[in-house]
Each structure stands twice: as structure tokens, then as C-alpha cells.
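Here are my notes on the model. Please read them with the structure open.

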Amino acid sequence: MVIITDNLSSHFSWRVRQWLLRHPRIRQVFIPVKACWLNLAEGWWRLLRRAAFAGQTFADATEITHAVAVATAQLNAHAQPWIWGRPPPQP
């Protein structure tokens, strides 16, 4: 199994490396530095932060949960499937 991760320091910490040594069937691969566009979650986090959290303060976890639910519903309403590679040429 190959796990693709970004370059967050916790992803190559001592504990993670020790765990990977104990699980030789799992291989960790990092996306290239300065290639955050390869990490599809980054785009979702950017949209979620802008839609749900911009300029807001929250009193408790319930308000955060509600804001995330609303933002997720809005994002999913306009979601398009991600297609890897180049689009086919137009006839």
C-alpha cells in the first residue's frame, strides 16, 4: 500500500517513521515541495475556510459543527468529479 502525504513535519516524524518500519507493506511517498495543487484536500480546505469560517468567531463546538455542515452542503451542491489527466481532444 502506498500512502501519499504532503510535507507536513508530523508526516515524517520519528513516531511515524518507527510505525512505518513496523509495517513494511506500507510505503509513504511525499508530494513534491511547492506542489500543493497535487494535494486535492487543500482546495477543499481553502473553500471550507472561506465559506464557513471567514470573519466568524464561535462560542462552542456546536456552532462550528453547524457552520461546517452548511459549508459542506453548499460545496457538495456544486461539486464536479475530479478527472485526472488531459481532457480528450475536441472533434
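1. Strand pairing. Strand β1 (residues 2–5) and strand β2 (residues 27–30) run parallel and are joined by four bridges. Strands count as paired if DSSP finds at least two bridges between them. Valine 2 stands opposite arginine 27 in β2. Between β1 and β2 the chain passes through helix α1 (residues 14–22), and this β-α-β crossover is right-handed. Right-handed means that, with the strands pointing away from the viewer, the path from the first strand over the helix to the second runs clockwise.

2. Basis. This is a predicted model: local features need pLDDT of at least 70, side-chain atom pairs count only at pLDDT 80 or more, and totals for chains, interfaces and linings use all residues. Residues are numbered from 1 along each chain as its sequence is written, and side-chain values use heavy atoms, with hydrogens and water left out.

3. Element order. The protein chain has three helices and two strands. From the N terminus on, they run β-α-β-α-α. Helices (H or I, at least four residues) and strands (E, at least two) are DSSP runs, numbered from the N terminus.

4. Helix α3, length. The 17 residues of α3 (residues 61–77) should span 24 Å at 1.5 Å a residue, and the end C-alpha atoms are 24 Å apart, which agrees. The expected span is 1.5 Å times one less than the number of residues.

5. Helix α3, faces. Ala67, Ala71 and Leu75 are buried (under 20% relative accessible area, 1.4 Å probe, protein chains only). They cover an arc of only 70° around the axis, so they lie on the same side of α3. The arc is that of the directions from the helix axis to the C-beta atoms. On the other side, Ala61, Thr62, Thr65, His66, Asn76 and Ala77 are exposed (over 50%).

6. Overall form. The radius of gyration is 18 Å, whereas a compact globule of 91 residues would have one near 12 Å. It is taken over C-alpha atoms; the globule rule is 2.2 Å times the number of residues to the power 0.38. Buried residues make up 11% of the 91 residues.
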